[in-house]
Amino acid sequence: MASAVCLASIVGLVLIERDGSGGAAEHLGDGAVQRAGRGLFATLGPLAVDDATHEDSAPSDAPADEVVAPVEAESAADLVGAGEPLDRAAQTRAWYLENIEGWIDDLRDDHRRENASRARNYLRADVPEIVPALLTALRSDDKQQRHYAAHLLIERGHEPTADLIEVLVDDLRHDALYERNAQDAVTWLDDHLDVARHRLGVALLSDDVQQRFTAAYLLARGGFHETRAAACEILIEHLGDNDMPRDAELAREALTQLSYLVLPQVLVAHRNATDRQALDYLDRIQRDILRRAADPASSRPEHLGTNSYLPYRWIGWSFD
């Protein structure tokens, strides 16, 4: 009985009851108390640990399946008194199922800083019920929620669906959502061009310069002839000197990939060009096309890796 009272006292030290607003339990600052509490967590089962509530702390990078689920202090004390071990896996799973809806809502763009980052860590867990919730979030009215849901599904290796493609093509736009959102979308779409080609074709008519360019770049890399004329026109526009670094080099690569079928457009553009940089690139494209026509093996495009540099303007970070 004495040991049960002692353990229950430690539980009382390391846990703070939820407040009226539903906030998560917080750590006390004393390291010794925290260490004692963690030792107790291992004995009693999954108790609340949420480092993200510390002021100025970054979101935890620990895998979501290692996150420990909370149990009320009185429940843990009752279990000690009964002398029965806590079914950790069952309690953790029940906790996930109870909180999935809230985490999905936290992916939205709101005034609470870092709540979306924390929610993403939890939603990476290997819990099958998370996937249907993410698929529903792809149709959200909130851009940030759609984006995070799409990229969580990508991390899981989910098959490309119409909704997933729609969100990722939308990510090609020049926006202030996230510095690499367009970069990551290009990398994924390049691996799924066969199923994304029609939606990318629509993006060629976008009102956003970056989206038009990246769609044209991807379609040209895929060698799709039904969109080659429109893609070629957009890519030629980016051969001149402008404020988008490296877009001319990528346009040259993509136009060369379309090969001799776009040679007439290239020749017309060369005849009408007045920009010195554009003239230089159009000369190089003509030579590259003729060289590749003679050596088809050299026409295979390189795979876009996750570190590929694409010419998006620096747009800074947004905070969720």
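Colleague: Why is Asp 163 counted as partly exposed, rather than buried or exposed?
Modeller: The relative accessibility of Asp 163 is 24%, and the definition calls a residue buried under 20% relative accessible area, exposed over 50%, and partly exposed in between, with a 1.4 Å probe and protein chains only. Asp 163 therefore counts as partly exposed. This is a predicted model, in which local features need pLDDT of at least 70 and side-chain atom pairs count only at pLDDT 80 or more, while totals for chains, interfaces and linings use all residues. Residues are numbered from 1 along each chain as its sequence is written, and side-chain values use heavy atoms, with hydrogens and water left out.

Colleague: What makes the meeting of the Asp 163 and Arg 139 side chains a salt bridge?
Modeller: The N to O distance between these two side chains is 2.6 Å, and a salt bridge requires a side-chain nitrogen of Lys or Arg within 4 Å of a carboxyl oxygen of Asp or Glu, so the pair qualifies as a salt bridge. The pair links distant parts of the chain, with Asp 163 in helix H8 and Arg 139, 24 residues apart from it, in the loop between helix H6 (130-137) and helix H7 (143-155). Helices here are DSSP runs (H or I, at least four residues), numbered from the N terminus. Arg 139 has a relative accessibility of 66% and therefore counts as exposed.

Colleague: How many salt bridges does a search of the whole structure find?
Modeller: The search finds 17 salt bridges. One of them has Glu 226 and Arg 197 as its partners, again with 2.6 Å from N to O. Glu 226 lies in the loop between helix H11 (209-222) and helix H12 (228-237), whereas Arg 197 belongs to helix H10, and the two are 29 residues apart.

Colleague: How do you know whether Glu 226 counts as buried or exposed, and what is Arg 197 called?
Modeller: Glu 226 has a relative accessibility of 51% and therefore counts as exposed, whereas Arg 197, with a relative accessible area of 23%, is partly exposed.

Colleague: What makes H8 and H10 oblique to each other?
Modeller: The axes of helix H8 (residues 162-170) and helix H10 (residues 193-203) come within 10 Å and cross at roughly 40 degrees; axes are lines fitted to C-alpha atoms over the stretch in contact, and angles run from 0 to 180 degrees between N-to-C directions. Angles under 35 degrees count as roughly parallel, over 145 as roughly antiparallel, 65 to 115 as roughly perpendicular, and the rest as oblique. H8 and H10 are therefore oblique to each other.

Colleague: Why are Arg 252 and Asp 288 called buried?
Modeller: The relative accessible area of Arg 252 is 15%, and Arg 252 is therefore buried, as is Asp 288, which has a relative accessibility of 14%. Their side chains meet in a salt bridge with an N to O distance of 2.5 Å. This pair links distant parts of the chain, for Arg 252 is in helix H13 (residues 247-258) and Asp 288 in helix H15, 36 residues apart. Salt bridges that share partners join Glu 249, Arg 252, Arg 284, Asp 288 and Arg 291 into one network.

Colleague: What makes Ile 285 count as buried, and which residues is Ile 285 in contact with, leaving aside its neighbours within four places in sequence?
Modeller: Ile 285, found in helix H15 (residues 276-294), has a relative accessibility of 0% and therefore counts as buried. With those neighbours left aside, Ile 285 is in contact with Leu 239, Arg 252, Leu 255, Thr 256 and Val 266. The C-alpha atoms of Ile 285 and Val 266 are separated by 7.9 Å, although these residues are 19 residues apart along the chain.

Colleague: What is the phi of Ser 259, and is Ser 259 counted as buried or exposed?
Modeller: Ser 259 has a positive phi of about 65 degrees although it is not a glycine, and is found in the loop between H13 and helix H14 (263-272). At 18% relative accessibility, Ser 259 therefore counts as buried.

Key: Contact means heavy atoms within 4.5 Å.
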